[in-house]
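Reader: I have a structure here that I have not looked at before. Can you walk me through it?

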Amino acid sequence: MDTLGAAVRHEQHGVTRSALKALGAFGSAATGARDTIRSLTTATDAHVRPAAVAALWATGGDLAEVMPLLLGLLDDPITFRISDAADVLGELGPPPSVALPRLRGLLTHDYEWVRVHCAAAL
């Protein structure tokens, strides 16, 4: 949690992303970092935002809070944000059925890796 705070303060986005991934791996043991993680779900850095959404879910986030964030990433023009969101949706299993129409629609995306991640999520 200290590393995440320092990375955010010093605008070290790569370290921020890595710290978010590490906190996500700790799962519910990292609940103390959820407020900081939550604040990063609106980050402007292209990589930090999806990493924060994934970490929020992994640390015990509420599906009602995480779903709108994931759906927003599915609508993003940046392809890896779409793929990252699809990966998290795939981990959630059946509950996020509201995302199914968007995931199905993205199976025709111009970028093949978006299609791959969306197909895997489905």
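Author: We can start with H4, whose buried residues pack against H2, helix H3 (34–39), helix H5 (63–74) and H6. Contact here means heavy atoms within 4.5 Å. Buried means under 20% relative accessible area, exposed over 50%, and partly exposed in between, with a 1.4 Å probe and protein chains only. Helices are DSSP runs of H or I with at least four residues, strands are runs of E with at least two, and both are numbered from the N terminus.

Reader: Which residues of H4 are buried?

Author: Val48, Pro50, Ala51, Ala52, Val53, Ala55 and Leu56 are the buried ones in H4.

Reader: Before we go on, where does the model come from?

Author: This is a predicted model, in which local features need pLDDT of at least 70 and side-chain atom pairs count only at pLDDT 80 or more, while totals for chains, interfaces and linings use all residues. Residues are numbered from 1 along each chain as its sequence is written, and side-chain values use heavy atoms, with hydrogens and water left out.

Reader: Fine. How many helices and strands does the protein have?

Author: The protein has eight helices and zero strands. Along the sequence the pattern reads α-α-α-α-α-α-α-α.

Reader: Back to H4, then. At what angle do H2 and H4 pack?

Author: H2 (residues 13–26) and H4 (residues 48–58) pack at about 15 degrees, and their axes are 8 Å apart. That makes H2 roughly parallel to H4. Angles under 35 degrees count as roughly parallel, over 145 as roughly antiparallel, 65 to 115 as roughly perpendicular, and the rest as oblique. The axes are lines fitted to C-alpha atoms, for helices over the stretch in contact, and angles run from 0 to 180 degrees between N-to-C directions.

Reader: Which residues meet there?

Author: From H2 there are His13, Thr16, Arg17, Leu20 and Gly24, and they meet Val48, Ala51, Ala52, Ala55 and Ala58 in H4. By class, the residues of this contact of H2 with H4 are six nonpolar, three polar and one charged. Ala, Val, Leu, Ile, Met, Phe, Trp, Tyr, Cys and Pro count as nonpolar, Asp, Glu, Lys and Arg as charged, and the others, Gly among them, as polar.

Reader: And H1 with H2, how do their axes cross?

Author: The axes of H1 and H2 cross at roughly 155 degrees and come within 8 Å. H1 and H2 are therefore roughly antiparallel to each other. Thr3, Leu4, Ala7 and Val8 of H1 make the contact with Val15, Thr16, Ala19, Leu20 and Leu23 of H2. The contact of H1 with H2 has seven nonpolar, two polar and no charged residues.

Reader: What sits in the loop between H1 and H2?

Author: Glu11 has its place in the loop between helix H1 (2–9) and H2. Glu11 has a positive phi of about 50 degrees although it is not a glycine.

Reader: Is Glu11 buried or exposed?

Author: Glu11 counts as exposed, because its relative accessibility is 59%.

Reader: What about H5 and H6, which residues meet?

Author: In H5, Leu63, Met67, Leu70, Leu73 and Leu74 meet Arg81, Ile82, Ala85, Ala86, Val88, Leu89 and Leu92 in H6. That contact of H5 with H6 has 11 nonpolar, no polar and one charged residues. The axes of H5 and H6 cross at roughly 145 degrees and come within 8 Å.

Reader: There is a Ser83 as well. Which residues does Ser83 touch?

Author: Ser83 is found in helix H6 (residues 79–92). Leaving out residues up to four places away in sequence, Ser83 touches Trp113, Val114 and His117. Ser83 counts as buried because its relative accessibility is 7%.

Reader: Last topic, the whole chain. What share of the residues count as buried?

Author: Of the 122 residues of the protein, 38% count as buried. Of the contacts with a separation of 6 or more, 52% are between residues 24 or more positions apart. The C-alpha atoms fill a box of roughly 40 × 25 × 20 Å, taken along the principal axes.
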